[in-house]
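Subject: Structure handover and findings

Dear colleague,

Please find the structure below, followed by an account of what was found in it. I would be grateful if you would read the two side by side.

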Amino acid sequence: MKIILAVLALLASSAHADPFADFSTAVRNEYIKPFALDLGGVLGGASAHTGRTLGLPGFWVGSVAAVQLRPDKNDRVLRDAGVKAFGLPLIEAGVGLPFKIDVIVHGLSAQGASIYGGGLRYGLYRTSLVDSFLPNVSISAFGDKVNHKYFSASHGSLNAAATWNLPIVKPFFIAGYDVTEVKVGAATTAGVAGTKAAARGSRFSAGVDVHPLPLVSLRGAYTVRHGVPGFDLGLGAQF
């Protein structure tokens with residue numbers, strides 16, 4: 001838990017930094033796809049949820065974030081700018097509906113970018129008291145739009161998650177797949193502005209959802225995005 005809180009504090013302290021500030025000067029046609037891969041990975045991590053649906057009339061309100069510890073080896077846009085660890089925070093709200101469906105929306109304007117999106121989560125299996133030793137299993141689909149002064153992006157993700165609904169500490173596992181398209185809005189290199197490229201990448205997470213107090217949910221996961229390590233985090237109120 002101390003590690004999760006420390007990473008959240010690190011994100012807060014660097015909230016005004018823009019890891020994409022040098023995008024217009026660094027981007028080339030061949031660099032767009034690796035950049036899209038990294039961007040989609042952190043967007044997908046922020047969109048991922050545990051396997052237990054909220055249930056009617058459940059709700060979730062809080063903040064989520066995804067942190068990647070280093071850019072992909074081919075992401076020259078971020079690497080040439082000296083970016084090390086980077087991430088995206090989002091404010092999020094979700095509500096449980098009938099038929100084991102959750103509706104989730106999120107967004108934020110931070111680090112020079114405006115992000116908005118949402119998705120649906122469906123519970124394939126939701127345990128009760130008699131079968132609590134079995135995992136809760138859900139699938140989800142999310143879509144996001146990103147607007148930055150130097151680029152725009154669209155992102156879609158599919159996730160499958162399993163959670164064991166144990167008291168206080170609830171372990172979970174997530175597998176995700178991200179598809180991200182980035183379009184260059186401004187570039188100093190001639191012929192690059194207006195071009196776009198798409199990237200596809202996988203995500204695998206293992207973590208815990210901790211409920212230290214009533215209504216309080218603290219999530220933390222170790223995540224590997226297209227072979228690069230990082231963290232996914234969440235802190236909020238859940239019923």
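Throughout this message, contact means heavy atoms within 4.5 Å. The model is predicted, so local features need pLDDT of at least 70 and side-chain atom pairs count only at pLDDT 80 or more, while totals for chains, interfaces and linings use all residues. Residues are numbered from 1 along each chain as its sequence is written, and side-chain values use heavy atoms, with hydrogens and water left out.

Asp-38 and its surroundings

Not counting residues up to four places away in sequence, Asp-38 touches Gln-68, Pro-71, Asp-72, Asp-75, Leu-78, Phe-86 and His-226. Asp-38 belongs to helix α3, residues 32-47; helices (H or I, at least four residues) and strands (E, at least two) are DSSP runs, numbered from the N terminus. Asp-38 counts as buried because its relative accessibility is 0%, where buried means under 20% relative accessible area, exposed over 50% and partly exposed in between, with a 1.4 Å probe and protein chains only.

The side chain of Asp-38 forms a polar contact with the side chain of Gln-68 at 2.8 Å. Such a contact is a pair of N or O atoms within 3.5 Å; within protein, one must be able to donate a hydrogen and the other to accept it, and residues adjacent in sequence count only if both atoms are side-chain atoms. Thr-180 is 142 residues from Asp-38 along the chain, yet their C-alpha atoms are separated by 9.2 Å.

Helix α3 and the cores

Of the 16 residues of α3, 15 are buried. The largest nonpolar core has 33 residues, and Phe-23, Phe-35, Leu-39, Phe-151 and Val-182 have the most contacts inside it. A nonpolar core is a set of buried Ala, Val, Leu, Ile, Met, Phe, Trp, Tyr and Cys residues joined through side-chain atoms within 4.5 Å. Helix α3 gives the most to this core, with eight residues. Leu-39 touches Phe-20, Leu-88, Phe-151, Ala-153 and Val-182, leaving out residues up to four places away in sequence. Apart from this core lies another, of five residues, among them Ala-161, Phe-172, Ile-174 and Ala-221.

Thr-163

Thr-163 lies in strand β6 and is buried, with a relative accessible area of 3%. Its side chain reaches the backbone nitrogen of Gly-51 at 2.5 Å. Beyond its neighbours within four places in sequence, Thr-163 is in contact with residues including Thr-50, Arg-52, Leu-134 and Phe-172.

Yours sincerely
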